[in-house]
Each structure stands twice: as C-alpha cells, then as structure tokens.
Amino acid sequence: MNQLKNAMEKLILIFLLYPIMGIAQTDLPRFENDTLYSTSGYKIYKGQILRLASGTAENGKFRFIKLENGGQHLLNSIYDNATIEVKKLYDYKVSDLGNRYIGIYGTITYKDGSKNKIGIDINFDKAIENFQGLPSELIVPEEFKNKKPFSVTDEIERLFKLYKEGALTKEEFEALKKKIIEKQ
C-alpha cells in the first residue's frame with residue numbers, strides 16, 4: 001500500500017511539473033536534430049543559406065563570427081555581404097558568461113561570386129541581435145531579431161560582458177557606453 005502511495009505521489013509531481021519543464025525548454029536556445037534554434041526562434045540547419053552583413057567592430061571585422069580554427073581570428077570586410085551554405089552544424093557550446101556558440105562548416109560565396117569552403121564559430125544570438133547603435137552581423141527576417149525592451153543598465157552590462165570576452169576593446173566599450181548614456 002505504501003509503494004502505491006509513493007508511486008501516485010511521484011506521478012502527481014510529474015504531471016504538475018511537466019508544463020513548467022516544457023515551457024522552460026522551449027524558451028532557451030537549443031541544438032537538436034541537426035537544427036539550431038536561437039533565442040528569437042530563428043533556425044539554422046543543413047542546406048540553409050546564411051547571409052552575412054558587415055562586421056560591427058571599428059576596423060570592419062565581425063565581432064561575433066570567427067574562423068573555426070582561428071580562435072581570435074575575426075572575419076574581416078572581404079566577408080561583407082557573403083553567403084554561406086550550411087553543410088554541417090557542430091560543437092554547440094555555452095561560455096562561462098552564458099553566450100552560446102555553434103560551429104558551422106559550409107561553402108561561402110563572396111560578393112564577387114567566387115566560392116570557397118569555410119568553417120566558422122558563431123555567437124549566433126549576438127550576431128542576430130541588434131545592439132544599441134550596432135546593426136546585425138547575420139541578416140535574418142525582422143521577426144527573428146531579438147527585441148527586448150531597452151534598458152540602459154542592461155545594455156551597459158551586455159557591453160561590459162563583450163569587453164570581458166574580448167569582443168570589444170576598452171576604447172570601444174567606453175565609446176558605446178557614452179553613446180548609450182547620452183541618448184538618455
């Protein structure tokens with residue numbers, strides 16, 4: 001009788017928690033069945049054509065898209081307006097600061113029409129997102145751009161995290177912080 005009571009309690013707990021667990025799983029970015037789902041719902045999958053915009057760093061380099069084996073080797077302006085046909089997605093990971101990355105291997109077509117194989121690591125949510133004063137580095141339909149209510153504090157915290165990760169120099173961080181504060 002005691003075992004039946006314990007089993008019933010566990011079953012009730014599962015039914016009570018299931019809706020909460022289901023909601024929590026759909027809100028977060030995830031990688032499953034060879035498809036990446038970004039925070040905004042944008043999907044990246046094998047066979048898709050990704051369109052790059054332009055780098056957002058002062059020197060024209062991409063902040064959030066790097067060559068796969070280069071670590072700190074950022075893409076530069078020769079990649080502006082290029083497209084990448086996704087052949088493989090791999091190595092989904094989360095940094096200590098909560099940024100999410102995915103490796104993408106594919107074929108890049110440059111703006112002059114020439115093609116080459118490429119492997120990139122992309123901080124996909126940051127590449128999609130519009131930072132205050134910075135355009136997206138990955139072109140996606142408007143409905144998939146991460147739109148959050150603007151908060152000066154949140155924006156400065158986000159820029160500080162980028163500075164700590166090395167995506168922004170101290171000078172870039174200070175200039176963007178000043179720009180945000182002045183807009184208020």
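**Reading a predicted model: sheet, helix, fold**

Trainee: In which sense do strand 1 and strand 2 pair, and over how many bridges?

Mentor: Start with the general idea. Strands of a sheet pair through backbone hydrogen bonds, and the pairing is either parallel or antiparallel. Now the case here, in a predicted model. Strand 1 and strand 2, residues 35-37, pair in the antiparallel sense over three bridges. E32 has T35 in strand 2 as its bridge partner.

Trainee: How many strands form the open sheet, and in what order?

Mentor: Three strands form it, in the order 1-2-3, with antiparallel pairing. Strand 1 (30-32) and strand 3 (43-45) are the edge strands, and each pairs on one side only. From one strand to the next, the twist averages 20°.

Trainee: Let me pick a residue in strand 2. Is Y37 buried or partly exposed?

Mentor: Y37 is found in strand 2. Buried means under 20% relative accessible area. Y37 has a relative accessible area of 22%, so it is partly exposed.

Trainee: Which residues is Y37 in contact with, leaving aside its neighbours within four places in sequence?

Mentor: Those residues are P29, R30, E32, Y42 and K43. Look further along the sequence too. F124 is 87 residues away from Y37 in sequence, yet the two C-alpha atoms are 9.6 Å apart in space.

Trainee: Step back to the protein chain. How many helices and strands does its secondary structure come to?

Mentor: Four helices and nine strands. Along the sequence the pattern reads α-β-β-β-β-β-β-β-β-α-β-α-α.

Trainee: What percentage of its residues are buried?

Mentor: Of the 184 residues in the protein chain, 35% are buried. The accessible surface comes to about 11,400 Å², and 54% of that belongs to carbon and sulfur atoms. Contacts complete the reading. Among those between residues at least 6 apart in sequence, 52% join residues at least 24 apart.

Terms used: Residues are numbered from 1 along each chain as its sequence is written. This is a predicted model: local features need pLDDT of at least 70, side-chain atom pairs count only at pLDDT 80 or more; totals for chains, interfaces and linings use all residues. Side-chain values use heavy atoms; hydrogens and water are left out. Two strands pair if DSSP finds at least two bridges between them. Helices (H or I, at least four residues) and strands (E, at least two) are DSSP runs, numbered from the N terminus. Axes are lines fitted to C-alpha atoms, for helices over the stretch in contact, and angles run from 0 to 180 degrees between N-to-C directions. Buried means under 20% relative accessible area, exposed over 50%, partly exposed in between (1.4 Å probe, protein chains only). Contact means heavy atoms within 4.5 Å. Accessible areas come from the Shrake-Rupley method with a 1.4 Å probe; for residues, only the protein chains shown count as cover.
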